[in-house]
Amino acid sequence: MDKAILMLSDGLFFTGEAFGAPAERIGEVVFNTSITGYQEILTDPSYKGQIVVMTYPEIGNYGINPEDMESGDGPKVEGFVVKELSGIFSNWRAKEHLDEFLKKYDIPGISGIDTRALTRYLRTKGCQMGIISSTDLDPQSLLKKVRSHPGISAIDFVRRVTSTQKYKWNEGCWKWPCPSAEQVEQRLKVVVYDFGVKFNILRNLYEAGFELTVVNAMTPAEEVLEMNPDGILLSNGPGDPQTVTYGIENAKKLIGKKPIFGICLGHQILGLAMGGRTYKLRFGHHGGNHPVKDLKTGRVEITAQNHNYCVDINSLKGQVRLTHQNLFDGSEEGMEHVEYPIFSVQHHPEAGPGPNDSTHLFRRFREMIERSQ
Amino acid sequence: MPKRTDIKKIMLIGSGPIIIGQACEFDYSGTQACKALREEGYSVILVNSNPATIMTDPEMAERTYIEPLIPEVVERIIEIERPDALLPTMGGQTGLNLSMELWKKGILEKYRVELIGATPEAIKKAEDRELFKEVMSSIGLEVPKSAAVTNLSQGLEVIEWIGFPVILRPAFTLGGTGGGVAYNREEYRELLERGLKLSPVHQVLVEESVIGWKEYELEVVRDRADNVIIICSIENLDPMGIHTGDSITVAPAQTLTDKEYQRMRDAAIKVIRAIGVDTGGSNIQFAINPENGRLVVIEMNPRVSRSSALASKATGFPIAKIAAKLAVGYTLDELKNDITKTTPASFEPTIDYVVTKVPRFTFEKFPEADPTLTTQMKSVGEVMAIGRTFKESLQKALRSLETGLSGLDPLEGVTEEQIVSRLRTPNADRVLYVGEALRRGFSIEKIHELTKIDPWFIYQIKDIVEFEKSIRNSELDDELLFRAKEYGFSDRQISILTGKTETEIREMRNRKNIRPSYKLVDTCAGEFEAYTPYLYSTYERPFFRITEEGIVSIKESESQPSSRKKVIILGSGPNRIGQGIEFDYCCVHAVFALKELDYETIMVNCNPETVSTDYDTSDRLYFEPLTIEDVLNIINREKPEGVIVQFGGQTPLKLAVPLQKEGVKILGTSPESIDRAEDRKKFKELLEKLNLKQPLSGTAMSAEEALSIASEIGYPVLVRPSYVLGGRAMEIVYDSNALVDYMQRAVKASPEHPVLIDKYLEDAIEVDVDALSDGLDVIIGGVMEHIEEAGIHSGDSACSLPPYSLEKDIIEEIKRQTRLLARELNVIGLINIQFAVKEKEIYILEVNPRASRTVPFVSKATGLPLAKIAAKLMVGKKLKELGITREPEINYVAVKEAVFPFDRFPGVDTILGPEMKSTGEVMGIDTHFGLAYWKAEAASNNRIPVNGKIFFSVRDKDKPHTVELVRRLLNLGLSVIATKGTAEYLRSRSLDVEMVYKIHEGRPNVVDLIKNNDIHFIVNTVGDAKSKKDSFYIRNSALQYMVPYTTTISGARAVVSAIERLKEKTFTIKALQDYYKKS
């Protein structure tokens, strides 16, 4: 079996078995605690620039199927780290082995390493850059390479994942409908700013009764306003929100003009557009079990999370109200504008992977638009 | 929402005796609930009939009632205690049913007791199949199509819309007999006609077959604010058609995509809301068609369950504890996660390991039983193992079972034909057959086709089997050995494969520094710091760091041993017949006692049902197999002062000598003393030295030798092979023909496997004694007189404390002999001795210098916590120092009765013998023997009637004894009916008894009377094998129609005393705390 090495920028490294493509990639190493959903995680554009470590040890069991993609054109992660890669896949929808899938898109993987020790290390030290390689097995050389990388804060990953073309979307959730599914008579028009949008956001918007137009992240606000949508969604996406300057500028122009819903990076961009501040978490939130309290209903929702940055909602005092709070660490998860029909959340109401507890937010978006009209 | 202040006293009902389907898990949940409620300042009134539980310890509740779990008893407790609320969801199906009965009878309303946790409406919706179906369809979920049918034409109608294949289940037949699967019209007709005939109510449930579908369970928790969380998903390796309790199950689910998992999660949330379980935990079962993903709901338990205990142990999330707090008004976000301390309970645990549960069966105890696994549960216990991969956890679980397996071992001497049939028909060893099939080159597809086990699991097993070949065929280098350990291979397994000894492998492994890493069960896959040392072992490869000095290798182990003085307590492994909750109770008490002495306590066990494996019990918990390898690894890591092997039954005791050989200090009585009591020859010498008596005995290496020994010591004799424990294959033989038959049938005697022959003391009274000794002083904890005569396994006999018929001088002499033996063996801790008393002569049957099955019973009856004291003695305390100077004297009577699984095994006779068959026990406590006996019988579901008709059919030898009994019954106003021989005998003694036909003599016969409910108690004793066979139908009908019975004259005698006493006065209702006060 071919060997692979995962080297962290502080010199800690793991030797394991190579799978996926024989390749070398650098990325920020983050761990994800979801038990299921590796396919969605791999294809989530928010992971652009990151090497993902799965804390659940048995990965690949149910293969890869065509329906559960979160983006087109294969995985978005830089590399994939697991304890045990299943030699077989078994599921009635599966079409392909995880290993083949990664090979096809030239993504390297490493298995057979102590992923729990790595996770605990990242938890204590915070996230850092890493290099995964099956082509160069010299630790010293790998350390040099990873240290010479400028770091991801400087890079605008959104440019790399946003769609070049404007497109329509008219597909709902996977054949067992999402809880928010309703028969819709009149679809509302929504423009989705694609900062690296997950397909499940589009599917959920469709289920909630929207007619969708997805636009490139750099589309000028004026152009969007000209399309005269009923609402605008600022999508999730990879990287540091501060690098997405065009997004922030456009958002500024949209505030007060149209109802807006922001998710994850979209939430952060909104925060920055309103003049707020964002900050980086030590090792981020990546998983499907974080409790978030909806301060409006008092309900606790179990949510899907994938972010390293947060909006300091305190920095927006007077402009927004805090609507959601993470019960694990108290971090701020959602806000709404005191004046305009604008709200946003840090977690992922579209799930994929993760629980569907918050999918009702897509309905809330629709209702907000209806109220504001 | 904070906790409720309008309620103060809460009643909790336990699950009663250990039976198949209800084991220690409800002591675990009940104990957690007691602790949680008292922590919140509520006063707890506890009712349970099982004395071998931690929850019935007097410290666990304000008021503890060890009483039968029947409405009239519980009503009186309610009347006295006036609780504000009743929490019905902690005591299994027994607790739930009893609570519902109290509600239906209006008792709860009468005394204004509120049901908390689940309302009667919710319980009804979950339990009533028709209602459940309605609710499911109202929320858009499917259940398997089904209909209850009472005649053939109706059956032919429903099959039109149900479709084939269908499962037929006749209503109310014993152990589900008469059911089956029909694949075509002809089969259907045949099975339906038979089922209708067999069902006492002529009803058959016809259900769409989902056999072979994938089976899943979700553990769901909901609070008052309607927050719902899923604690754990469980996937059954064995597909639908096998009871989940009998299935190998794995957590988390392995073969579902996120979309499919979330669909099931959404469904589960809808179900708990629609059924309306307001607060607490529920278990919801699903089936998924592997062909197309169709999802159906199978059932829901609106209470904590065996699976919730498993889920709690598998994730570290204490479902019962949280459920109890939710029941009194808290919401999930107001409660903390114990393990991380900083995060709330309103989250979903995520795990970074694989948990495998494997059931433990005891078919060898019931050779007549059908060992096919079906939807009726048959296993008596289970083990759980944690590993980083499924392969590792499966192999750890298999070696935890203590069935002789060292992992996924090969099966010797099976043919391909047998393999195919064992794969097709579910059975206890099926996973081994999967392994064997793979060894013989069966394809994954073929095995899947035969078993319907998901190919993913078969593939994993194939990995193990293939690796076996590598071990066998290659040099055992570092890499191979390491990988073997990663795949969960035990040292023993590797030693078998390489032809080395286990010690050699262990030494090689230690030399190469291939040692386990210990990892934490932390509810969060490492995302947060965990504070609870709940550990499991695994093998992980080292990682590295580039430093200025070069590359250093790092290996992480999360067990951070402290420098405190510490003791390891070895648990008792899976429940089985002969070793159950009683031993876990003792282990838990040892932990409590040593904590009091400021020792750090370290528990090692692999049984997920127990209180001992609650991370809250000991200071540190290792969830590990109890093998020499796994235990030594922990000892090497922890370096304790010593290890306690005395409390967990045979499991840890077997490790005493091997551990000592490795230089481990065994606390308490020395392994040499244990050996002196267990080795037949040394034991004989010991008794001779002390001038004590023992029944005559001999050891036979061949059948001829057996015959000559038997004729020398005289029939009847008790025979058994020397190499099996726990009364297995033990029989009483009355003549040489029977002995020859036994030698041919049961054992092959040889010099390696001699057969032990003891004189059987007929009609002797058996006595059990439990005592404490510190090497100087001996304190007798209790002397128990058995109700059933010697020869019936002590675990299957009822017994009375204090003795109810023995004379004082005999009791004194028994105590003297106990002290003598304890001193001679230098017992430090507990000793149990079994005596037989015949014609004033006292014989010693057995000496066990360790905790016995009766320790919890004696402790509960007397209030003297024997196991706790023993643990303190074992670390050097003296009885005097502890203030234990007086033997307990009680002015009331406690009776222990055994509980049997016969209703699960149609075709098995209920006659008792030297082989233990009971799964659990209950205690009755009252002012007089008769009342206490009545309670014990009522608690074991054998209700002695005070009026009505008693049926007698007894062997000739017993006839003289029945005269007196029948006379007393007639005087009490009961009537007696008997079969011809017995009736004629009694009539000739001028007793006015009715006569009834045996089954072949005419009609109406005894079975007709049983069916018509005209017989209210059955006394049936038998002699030889033929009379046993001929009268089997009587006992079988008694079982099926739930008529109380006894199969011994001594039992009948106790029954008559109970009726006499009950005619005089009613039973007493008194809390344990009050009993202890007055004595």
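In what order do the four strands of the open sheet in chain B line up? Select them and read across: β6-β9-β7-β8, with antiparallel pairing. Keep in mind that you're looking at a predicted model, one with ipTM 0.97 and pTM 0.96. For chain B, the mean pLDDT is 94, and 99% of the residues reach 70 or more.

**Stop 1: the sheet.** Colour β6 (146–149) and β8 (180–182) of chain B; these are the edge strands, each pairing on one side only. Going from one strand to the next, the twist averages 25°. Now zoom in on β6(B) and β9 (residues 204–208) of chain B, which run antiparallel and are joined by four bridges. Click Ala148(B), and you'll find its bridge partner, Leu205(B), in β9(B).

**Stop 2: the helices on the sheet.** Next, select α7 (residues 152–162) of chain B, a helix that packs on the sheet and touches β6, β7 (166–170) and β9 of chain B. Its direction makes about 180° with that of β6(B). Then pick helix α8 (residues 185–198) of chain B, lying across β7, β8 and β9 of chain B and running at about 15° to β7(B).

**Stop 3: where the chains meet.** Show both chains: 52 residues from chain B and 55 residues from chain A make up the contact. On chain B's side, select α9 (258–275), α16 (455–473) and β19 (543–547), each supplying at least two residues. The largest share, seven residues, comes from α9(B). Colour chain B's side by type and you get 21 nonpolar, twelve polar and 19 charged residues.

**Last stop: a pairing across chains.** Strand β2 (residues 12–20) of chain A runs antiparallel to β19(B), and two bridges join them. Click Leu12(A) to find its bridge partner in β19(B), Arg545(B).

Key:
Residues are numbered from 1 along each chain as its sequence is written. Chains are lettered from A and ligands numbered from 1 in the order in which they are written. This is a predicted model: local features need pLDDT of at least 70, side-chain atom pairs count only at pLDDT 80 or more; totals for chains, interfaces and linings use all residues. Two strands pair if DSSP finds at least two bridges between them. Axes are lines fitted to C-alpha atoms, for helices over the stretch in contact, and angles run from 0 to 180 degrees between N-to-C directions. Two residues are in contact if their C-beta atoms, placed from the backbone, lie within 7 Å. pLDDT is the predictor's confidence in each residue, from 0 to 100. Ala, Val, Leu, Ile, Met, Phe, Trp, Tyr, Cys and Pro count as nonpolar, Asp, Glu, Lys and Arg as charged, and the others, Gly among them, as polar.
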